[in-house]
Amino acid sequence: RSARPPERVVGYDRSGETMKSEVAETLDRERREREASLEAGERVALALALGARDLLLYASAHGISPREARIRLRRLAQRGRTPSACAGG
């Protein structure tokens, strides 16, 4: 049994915590280049599609419906937020 040499680590991700391999860096750079070449409308469509996909993944991972996932995620987004002074009250 031959062991594969470890991938060369080249840096940290955006959070500054997780190290990325050379392969991950290459894939990330290629993805950014593809996205940068999109028209504005295409970027919006991509963002909406990714959001819909992520909602389904969240629902599946938690064993809930997409509707319930949307409700939970909205509640989580609002948790700890300070209401606007101009919202009345």
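**View 1. D28 and R31 both lie in helix α1, three residues apart, or about one turn of the helix.** This is a predicted model, so local features need pLDDT of at least 70 and side-chain atom pairs count only at pLDDT 80 or more, while totals for chains, interfaces and linings use all residues. Residues are numbered from 1 along each chain as its sequence is written, and side-chain values use heavy atoms, leaving out hydrogens and water. Helices here are DSSP runs of H or I with at least four residues, strands are runs of E with at least two, and both are numbered from the N terminus. D28 belongs to α1, which covers residues 22–36. Look for the salt bridge (a side-chain nitrogen of Lys or Arg within 4 Å of a carboxyl oxygen of Asp or Glu): D28 and R31 form one, with the closest N and O atoms 2.5 Å apart. On burial, the cut-offs are under 20% relative accessible area for buried, over 50% for exposed and in between for partly exposed, using a 1.4 Å probe and protein chains only. D28 comes out at 11%, so D28 is buried, while R31 has 28% relative accessibility and therefore counts as partly exposed.

**View 2. D28 also forms a salt bridge with R32.** This pair is four residues apart in α1, again about one turn of the helix. The closest N and O atoms of R32 and D28 are 2.5 Å apart. Their side chains are also joined by a polar contact of 2.5 Å; that term covers N or O atoms within 3.5 Å, where within protein one must be able to donate a hydrogen and the other to accept it, and sequence neighbours count only if both atoms are side-chain atoms. R32 is at 36% relative accessibility, so R32 counts as partly exposed.

**View 3. Over in helix α3, R72 pairs up with E68.** Their salt bridge has its closest N and O atoms 3.6 Å apart. The two residues are four apart in α3 (residues 66–78), so about one helical turn separates them. Both are partly exposed, R72 at 32% and E68 at 28%. Elsewhere, salt bridges with shared partners tie D28, R31, R32 and E35 into one network. The overall count of salt bridges is five.

**View 4. Helices α2 and α3 pack at an angle of about 100 degrees.** Their axes are 9 Å apart. That makes α2 roughly perpendicular to α3, a label for angles of 65 to 115 degrees, with under 35 being roughly parallel, over 145 roughly antiparallel and the rest oblique. On the α2 side, L55, L56, Y58, A59 and H62 make the contact, meeting P66, A69, R70, R72, L73 and L76 of α3. Contact means heavy atoms within 4.5 Å. The axes are lines fitted to C-alpha atoms, for helices over the stretch in contact, and angles run from 0 to 180 degrees between N-to-C directions.
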